[in-house]
Amino acid sequence: MTNTPTLNAPHSEQGLTHQGLIYGSDEEFLGATVPFCLDGLDRGDAVLAVTTDANIGLLRQALDGAADQVEYIDADDWYKTPGRTLGAYYRYVDRRTADGRHRRVRVIGEPVWHGRDPLEQTEWTRYEAAINVAFADCPAWIVCPYDTRVLPREVVDGARRTHPQLWTGAGPTPDRSSHYAAPDTVGGPWERGLSPVTADGEEAVLCFGADLAPVRAFVARKAASLGMPDEGLRRMLFAVNELATNAVQHGGGNGRLLLRRAGRRIVCDVTNPTRAAIDWYAGYLPPEPDRPRGHGLWAVRQMCDLTEVDTGPDTTTVRLHWTLT
């Protein structure tokens, strides 16, 4: 095996450590992840490896007698949608640390990039950025591998911006990546407006007020006509109703729906007048009793394949995407 970096333990087990691992060979992948797993097991951490089937096989073989103490999940089964994936990680951390058996969890989390279109690629990169604020106080050490042999350059460049600490096959960079952009940076790269959507056919528009029954009827009728299956329709009705309720209760008391089909997706914009800025990562923070806002958007992100939030001077738009199979 070639000389490869090991991942030094963070100073504290109380909060998040989020590191990117940029590798270009099996030896580089194993040289970082095997010590990471073994050290975690020695310290009594829960260890989860979410990666490719091939890398799971490599890890099992290299870990030898310790292999069965690590949990493994095929990344294709885990990285379905950003909201649901983050929710699954949050539940994993909670289950493994709630009873005191483990002080911290260690995760090898290798996102899936193959088959992603430009919008999906952008939103999965923003998901990686959002982890830094969503899990800031969680006792989790997450290492996200990026394979330069198969990934586009823009994806690897994204890893440099989303991980406060970065490791490569040649050795570690300084503790803080020189390319890292914090998710809450005002005017940073993660804030972006909504791109135009090219609709297939006519767009359906509804302006609504306090009575939300017409909203639900409108969504049910229009979405079904666009090809939304029953299960997806139930999720859509929940998500749109939640956003419309927020618009009435916390926005300007009214709003506007824009529903259309765009290729393989059904896209719905919910816009309402508001002067209160909403962070682009709203809804990625797990719902806590003392957190005043974001509970509804957390649930919405669980219901949708992609969710975008755009706050302007006078309005906020939440754009919801569902992919038709």
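R265 stands opposite T323, a residue of strand β12. The model is predicted, so local features need pLDDT of at least 70 and side-chain atom pairs count only at pLDDT 80 or more, while totals for chains, interfaces and linings use all residues. Residues are numbered from 1 along each chain as its sequence is written, and side-chain values use heavy atoms, with hydrogens and water left out.

**Strand β12 and its partners**

Helices (H or I, at least four residues) and strands (E, at least two) are DSSP runs, numbered from the N terminus. Two strands pair if DSSP finds at least two bridges between them. Strand β10 (residues 265-273) is joined to β12 by nine bridges, and the two run antiparallel. Strand β11 (residues 306-311) is also antiparallel to β12, with six bridges. V309 has V318 as its bridge partner in β12. Between β11 and β12 there is a hairpin of three residues.

Is β12 enclosed or open? Seven of the nine residues of β12 (residues 315-323) are buried, so the strand is largely enclosed by the rest of the structure. Here, buried means under 20% relative accessible area, exposed means over 50%, and partly exposed lies in between (1.4 Å probe, protein chains only).

**Aromatic rings**

A pair of aromatic rings is described by the distance of the centres and the angle of the planes. Rings of Phe, Tyr and Trp (its six-membered ring) pair if their centres lie within 6.5 Å; planes under 30 degrees apart count as stacked, over 60 as edge-to-face and the rest as tilted. The structure holds eleven aromatic pairs.

| Pair | Distance of centres | Angle of planes | Class |
|---|---|---|---|
| Y79 and Y89 | 6.2 Å | 65 degrees | edge-to-face |
| Y79 and Y127 | 6.5 Å | 90 degrees | edge-to-face |

Y79 lies in the loop between α3 and α4, and Y127 lies in helix α5 (residues 118-134), 48 residues apart. The three tyrosines are each buried: Y79 has 3% relative accessibility, Y89 has a relative accessible area of 5%, and Y127 has one of 1%. Ring pairs link W78, Y79, Y89, W124 and Y127 into a cluster.

A charge can also sit over a ring, which requires NZ of Lys or CZ of Arg within 6 Å of the ring centre and within 35 degrees of the ring normal. R106 lies over the face of F36, at 5.4 Å from the ring centre. For R301 over the face of Y284, this distance is 3.9 Å.

V50 belongs to strand β2 (residues 46-51) and counts as buried, at 0% relative accessibility. Contact means heavy atoms within 4.5 Å. Leaving aside residues up to four places away in sequence, V50 touches I73, A75, W78, Y79, Y89, I108, G109 and E110.

**Helices α7 and α8**

Helix α7 (residues 213-225) and helix α8 (residues 230-250) pack at an angle of about 145 degrees, with their axes 10 Å apart. Axes are lines fitted to C-alpha atoms, for helices over the stretch in contact, and angles run from 0 to 180 degrees between N-to-C directions. V215, R216, V219, A220 and A223 in α7 meet L233, M236, L237, V240, N241 and A244 in α8.
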